[in-house]
Amino acid sequence: NPVTGDIEPSKLKTITTDQPKELPSSSGLVFGRTFTDHMLTIPWKATTGWGPPTIQPYGPLSLPPSATVFHYAQEIFEGLKAYRDATGRVTMFRPDMNMKRMNTSAQRVALPTFNGAALIELLKSLIRKDKHWIPDVPGYSLYIRPTLIGTQPALGVQPPDEALLFVICSPVGPYYPTGFKPIALYGTTEFSRAAPGGIGAFKLGANYAPGVVAQREAAAKGYAQNLWLHGPDHHITEVGTMNTMVVFKQPNGVTELVTPPLDGMILPGVTRDSVLALARDHISGQSAPIDGLTEKLVVSERPVTMKEVKEASQDGRLVEFFGTGTAAVISTVDKIGYLGEDVHIPVGSQTVFGNPPKIPREAERYRSEHPQVPIPALNKH
Ligand code: COI
């Protein structure tokens, strides 16, 4: 859809809630169940483009039941976080990546695109408004959920001529109810998450609902999440809530960090990209040594099968397996249920990247070495 008028931060209108909610204690937070006092909405029409942005009290949206979002899943979303660091400074983690991906997702389902820098300005305004909701406990943050839906009242399958972008915020801790402990995955071979030429590489709500049955099956068998194994060779793809990384000790004495390539079936995760950047900086000597890593490191974006992981687990070459995601952060995996048995994965002092105690240090270092987007007016207070 052509952009007629783009998002205009200078036209922001703010309506403050007269019923501020009580702040929750961080320790009781369940991921994505608590929302801050305000949300941002920006309407769009094909004839006039993006309308004036409004920050208003968090509350129900009024939509016609014929809106295209309800019938043809014209919905895309993003997930990013604002953090309070040890000095109290607030930053958003790589929001430019989320804006770029949101525009790519919008194009895939014929929703309108927008100026990402303008939306980042508005995200800053929203975060400033609800700044007291940002937890200041390590490992906790404010999860920001920009969402774009088709709102045209129309049952014809077509690009919508009306849409709504809204942003809600939720204070969060760990995604998995077990906290930051290692998790167990269950290899799904019966269903596929994505197919070549499909929508797996885009952040669409439509990618998530069909995964819930596989996730429920994994949970019923005692695993935290399902791992999507694609095709007859059971290629490792992703977990749905996170990308996957495997670390092997290779026979030539190098440690190999492997993640499946972005072949159109994998979501291009921001945390995935950050871990690869951290590892590549290490290789090129641009960052401090990674604790626990003494061998030469190589980074491979290559196909990896469950057979390879299982064999490496049996012959001692498997160093670790972890998931990366904005919500999931870095989640160490300690076993994978696969064709009726468990493949065991080392965790603890042998691990290099995913060992939970090291993650906050690695993440802090990454954040101090890479450009951040601070929220200036907020940080003056
Ligand atoms: C995220 O990590 O932000 C995600 O979107 C995963 C989610 C479905 C919780």
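**Close-up views of a predicted model**

**View 1. The crossing of helices H2 and H3.** In this predicted model, helix H2 passes helix H3 in a right-handed crossing. The axes of H2, which spans residues 95-108, and of H3, which spans residues 116-129, come within 9 Å and cross at roughly 125 degrees. That angle makes H2 oblique to H3, because angles over 145 degrees count as roughly antiparallel and those from 65 to 115 as roughly perpendicular, while the rest, apart from angles under 35 degrees, are oblique.

**View 2. The residues where H2 and H3 meet.** On the side of H2, the residues that take part are Pro-95, Asp-96, Met-99, Lys-100 and Asn-103, and these meet Gly-116, Leu-119, Ile-120 and Leu-123 in H3. Sorted by class, the contact of H2 with H3 contains five nonpolar residues, together with two polar and two charged ones.

**View 3. Strand S2 and its pairing with S3 and S4.** Strand S2, made of residues 38-45, is joined by four bridges to strand S4, residues 54-57, and the two strands run antiparallel. Within this pairing, His-38 stands opposite Pro-57 in S4. S2 also runs antiparallel to strand S3, residues 49-50, to which two bridges join it, and a hairpin of three residues connects S2 to S3. The bridge partner of Trp-44 in S3 is Trp-50.

**View 4. Strand S2 beside strand S9.** Six bridges join S2 to strand S9, which covers residues 162-172, and here again the strands run antiparallel. Lys-45 can be found opposite Glu-162 in S9.

View 5. The residues around the ligand are Gly-79, Tyr-208 and Thr-241, together with the run of Gly-325, Thr-326, Ala-327 and Ala-328. When the residues of this shell are divided by class, three are nonpolar and four are polar, whereas no charged residue is present.

Conventions: Residues numbered from 1 in each chain as written. Predicted model: local features only at pLDDT ≥ 70, side-chain atom pairs only at ≥ 80, totals over all residues. Near = placed C-beta within 6 Å. Nonpolar A, V, L, I, M, F, W, Y, C, P; charged D, E, K, R; others polar. Axes fitted to C-alpha atoms, helices over the stretch in contact; angles between N-to-C directions. Left-handed = near helix turned anticlockwise from the far one by under 90°. Contact = placed C-beta atoms within 7 Å. Pairing = 2+ DSSP bridges.
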